[in-house]
Each structure stands twice: as C-alpha cells, then as structure tokens.
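Hi everyone, thanks for coming.

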Amino acid sequence: MNTERKIIFFDVDGTIYEGGRGTPESTRKALERLKENGHIPILCTGRPKASMFPEVLDLNFPGMICGAGTYMEYEGRILRNLLLPNEVLMQEVPRLEKAGCCVVLEGPEYLSCRADQEAFRLFSIVDRLRREYPERLKELDPATDKACKLTVSISDMAAFERLVPELCRAFELARYERMPYVEMMPKGVSKADGIRILLEELEIPLCNTYAFGDGPNDLEMLQYVQYGTAVGNAEESVLRSAKYRTEPIWEDGVSRALERYGLI
C-alpha cells in the first residue's frame with residue numbers, strides 16, 4: 001500500500017470548469033503540479049463519458065469517474081460500466097413524462113431525449129451535443145437505450161413529489177436547490193461508491209484522499225474522503241455538510257486549497 005501518494009477527486013461543472021468560461025488558469029497549473037509531485041488527480045463528475053468535452057479531457061487526468069459513479073476508468077482501463085435495466089427505464093420514464101418532466105437518459109456512448117426544442121432549451125449540454133457532436137445524441141427509446149443515469153427537469157413539483165417514494169426504490173436522487181432539476185442514479189451508486197472501488201484498485205488508504213465539489217451529487221463524495229472540500233460557490237447544503245471549504249472557482253479556490261493542504 002502506498003502511503004505517500006495522495007489522490008484528489010475533482011467534480012467538473014462549478015468546481016474546475018464552467019461552460020462558456022472554461023477552467024481557471026490557476027486550476028490548470030495546480031493540476032500539473034499535483035502530477036509533478038507524484039499525486040493522482042481524478043475527474044469525478046455526474047456527467048456521463050458521452051458528454052465529456054475536449055476542453056475538460058485535455059486537462060489530462062489519468063483517470064475518471066463519470067455518471068456519478070456508474071463509469072470508471074484509470075489509465076485507459078475500464079473498471080466499471082453500469083447500465084440501468086431497460087425494464088426500469090420503460091416503467092419510470094413514462095411516469096416522469098406524464099408528471100410533466102423533461103427526461104434525458106445519459107450513457108457512456110450517447111445521451112437520448114425527445115427531439116424537441118424543450119430539451120435543447122433546458123439542457124445546455126444536450127444542445128451542445130446537437131450542434132457539435134450529433135453522433136452522441138439520439139431520440140429517446142427507453143426499451144433500447146443504454147443509460148447509466150437520468151437527468152430530469154421538473155415543471156410540476158407537486159406531481160414529481162408524488163413519484164418520489166417509488167423512484168427512491170430504484171434510484172439515488174440528487175436534487176438541486178437553485179434549479180428544478182434532479183439527477184437519478186442506480187440505487188446504491190454514487191461518486192463515493194466509485195471512489196471506494198478505485199482506492200481498492202490502486203491500494204491507496206482513505207487517509208490520503210481529497211475531493212472538491214459544489215453540487216448535490218458531491219455530498220457523499222465530500223463526506224467519504226478524508227478532506228472533502230466545498231468550493232465557495234457550492235449550494236448551501238454542500239457548504240453546510242462538507243468538512244472543509246475554500247474560495248469559489250473563479251477566486252482560485254481549488255489551487256488555494258491544494259496549497260493549504262501542502263499538495264502543491
């Protein structure tokens with residue numbers, strides 16, 4: 001077991017990257033310094049691999065946990081690739097749509113949604129796929145789609161709440177405070193679950209683990225690792241529950257925290 005190397009998990013959106021602005025230069029430099037110092041930075045995102053864009057992949061992480069723990073790879077080796085049963089999708093997608101939700105199925109190869117303007121308006125990633133990577137977007141078909149998770153926009157909160165008890169039997173729900181969206185992962189799967197598997201694979205002790213995040217799907221991750229750090233622009237629930245916090249993304253929060261931890 002290596003007791004010297006540290007492993008650091010980074011959420012993407014709102015933590016090291018913002019759509020339309022990119023990644024702070026201080027974060028880029030910090031990631032390179034981590035690797036130079038022998039530590040291991042890992043992407044740990046709710047995005048499935050199909051919606052990982054070049055500007056994020058070009059940060060050259062040696063490994064990634066995508067789809068909030070459903071997909072994992074390290075140095076080119078796939079360690080996990082979980083998909084939701086189509087029987088579950090066929091049962092739950094119509095119920096969500098009947099309740100007025102706009103549903104996007106997310107997988108390692110493609111995303112799927114109804115080919116209408118609502119999905120493109122509500123989900124910026126879906127709209128970018130439509131414009132730049134149409135081969136990664138298809139018409140929604142719960143019977144055949146290969147999906148690891150769902151992201152849902154809620155238009156009728158009362159109708160959605162009535163579905164929650166049933167949904168919780170099959171899914172983990174990560175609900176956003178600032179927007180009427182929810183991410184739905186397979187029951188028992190989270191970023192923390194993916195981290196646990198990777199630590200076993202690399203034989204790194206839990207005491208050598210760090211993580212940065214800002215959203216509801218980061219809660220388990222930030223609680224699980226030894227040094228779970230919320231960036232200053234995180235949602236209130238994340239700021240309240242994280243063990244540590246740092247400055248916001250565009251105030252060099254990640255690099256400042258890594259310096260304080262003595263990692264760079």
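Let's start with a pair of strands: E3 (residues 63-66) and E4 (residues 71-74) pair in the antiparallel sense over 4 bridges. Strands here are DSSP runs of E, at least two residues, and helices are runs of H or I, at least four, numbered from the N terminus; two strands pair if DSSP finds at least two bridges between them. In E3, glycine 63 stands opposite tyrosine 74 of E4.

A word on the source: this is a predicted model, where local features need pLDDT of at least 70 and side-chain atom pairs count only at pLDDT 80 or more, while totals for chains, interfaces and linings use all residues. Residues are numbered from 1 along each chain as its sequence is written, and side-chain values use heavy atoms, leaving out hydrogens and water.

Now the whole sheet: 8 strands form an open, mixed sheet in the order E5-E4-E3-E2-E1-E12-E13-E14. Which strands stand at the edges? They are E5 (77-81) and E14 (244-245); each has a single partner strand, so one side of each is left without a neighbour in the sheet.

Finally, the cysteines. There are 0 disulfides, meaning pairs of cysteine sulfur atoms within 2.5 Å. For cysteine 66, the nearest cysteine sulfur is that of cysteine 148, 8.5 Å away. Cysteine 66 counts as buried (under 20% relative accessible area; exposed is over 50%, partly exposed in between, with a 1.4 Å probe and protein chains only), because its relative accessibility is 0%. Cysteine 148 is buried too, at 2%.
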